[in-house]
Amino acid sequence: MQRSLNIDTTTNELEYVPIDFDDPQALLEHAKKLEGHTFREVLDLGITPDGPAAGKTDYNDASFKGGMGTLIEERYFGYHANSDAHADFADAGVELKTTCYDVKNDGSIRAGERLVLGMIAFDESIERAFDESHMWEKGGNILLIYYKRDKTVDKYDQRIEYVTLFTPPDEDLAIIREDYSTIQEYVMDGRADELSESMTHYLGACTKGATAEKSMRDQTVYAPGKKARGRAWCYKNSYMNVVLNDYIIGQRGSESIIKDSEQLSTHSFEEHVISLIEPFIGMTDREICDKLGLAYTGNKAQWTTIVYHMLGLNTEHAEEFEKANINVRTVRIEQHGRIKESLSLDTFSFIGILDEEWDDAPLHEYFEETRFLFVAFQKEEDGLHLKGATFWNMPRADIDGPLRTCWETTKDVITAGVTITKVSRGDGYRFENNLPKKSDNPVAHVRPHTSKAAYRLENGLTIGNINRDADELPDGRAMTKQSFWLNNDYIYEIVRDI
């Protein structure tokens, strides 16, 4: 039993009350009183940790590097923030986590960050069973304190909105166990350097350290002398977003593929998904529509609808895919066995890319965090036949190799000034540029994201709809919006064996 300075919610005055830090429910009740209050109000309570460092942390000092979680630990619960591998309230089996959410322009609420649970050890054994692991000790029962991130106010004036105790439900726990085993096996095989968040579903291995170079660590136990970037156990941002919206706010909006956690007792989540698709292999898209009761349109957009209906869903929103940040992509293989179209990604800003570093570049983050479900249809004489499906994430060697080279070349070209050349084409002409082409890189290239060309040239000549279809270059010119694309040959190598 401990005494803590508390807020009397009826009078908004301060009082000392006994708090049983060994009781999860007592911890929750104490933390619940933070809802509706700002961090500045927490500081004004005057609570400080016991011991020689009591009261020494100056949170208003610009040099203070700790986050809001440190503030809550020290100035509301009254204990020194630490990096202990055990849960914050070990006797209660509760880990305390303070995290943020953002409100988007459309009013939707998104978790602001992944939830880091502790470092993945490279210098000690990682052979603990899941239930006995430090990861589960910290991730099994979490006192979650959510605040609204508002960059228009001082960080101490941001407001705490939601407080709850969270334990992953059984249907999530089965997948989290799979993820733990995947990461554990990579480390034990001396392959920690190949880890990425995209290879797992809910539990990730996120990078830790300001830059890749500064965070490199020796794989002391399982691959001595071999370096890997430091990583931590985390619940992925995509998972925390669903936790926030579905379990905390209560705005559940997606259907589940897994109807009963027992479905994962004999095989993995991905094996289960593939098993739902396998009965349709060999059928044409038209035949699948007939079997599923869907009106056939014959357009490519319907293929994604077909995939979700094969999985037993009525919408194109699967809760498990949203938690795991799984992107469903359908591809068409031609009769001769090649793929005609490359895979498009989001557009990028010509000016914005100049301020990026590879570690935090959106292109890098996308492939570091995104897993894909590729579903392949092949054109035959009587229609498009379903050939199969596979889960995939971009290998670390490709992310840090050809993909990074494509991004660096793009940034270098834009920095130096894109060369735009007018080239005759039949009775007309077209404009070409010196951004990376498909022939320049085995993985990715850059080309327009729209079929509508738009340019503002150096001599002031304007072509097309600049406001709609073009993006401004650093030198004041403008050219058709561009995006990164995965090469069609690269995609074919992913799906050819299915």
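The model is predicted: local features need pLDDT of at least 70 and side-chain atom pairs count only at pLDDT 80 or more, while totals for chains, interfaces and linings use all residues. Residues are numbered from 1 along each chain as its sequence is written, and side-chain values use heavy atoms, with hydrogens and water left out.

I begin with helix α5, residues 170-188; helices here are DSSP runs of H or I, at least four residues, and strands are runs of E, at least two, numbered from the N terminus. Its buried residues (under 20% relative accessible area, 1.4 Å probe, protein chains only) include Leu173, Ile176, Tyr180, Ile183 and Val187. Among the elements that cover the buried residues of α5 are β8, β11, α6 and α7, by contact, meaning heavy atoms within 4.5 Å. Glycine 190 follows α5 and has a positive phi, near 70°.

I turn to the pair α11 and α12. In α11, Leu363, His364, Phe367 and Glu368 meet Arg396, Ile399, Asp400, Leu403 and Trp407 of α12. By class, this contact has 5 nonpolar, 1 polar and 3 charged residues, where Ala, Val, Leu, Ile, Met, Phe, Trp, Tyr, Cys and Pro count as nonpolar, Asp, Glu, Lys and Arg as charged, and the others, Gly among them, as polar.

Finally, where does glycine 352 lie? Its place is in the loop between β13 (343-347) and α11 (362-369). Glycine 352 is partly exposed, at a relative accessible area of 30%, the term covering values between the buried limit of 20% and the exposed limit of 50%. Glycine 352 and proline 474 are 122 residues apart in sequence, and their C-alpha atoms are 9.3 Å apart in space.

Methods: The expected span of a helix is 1.5 Å times one less than its number of residues.
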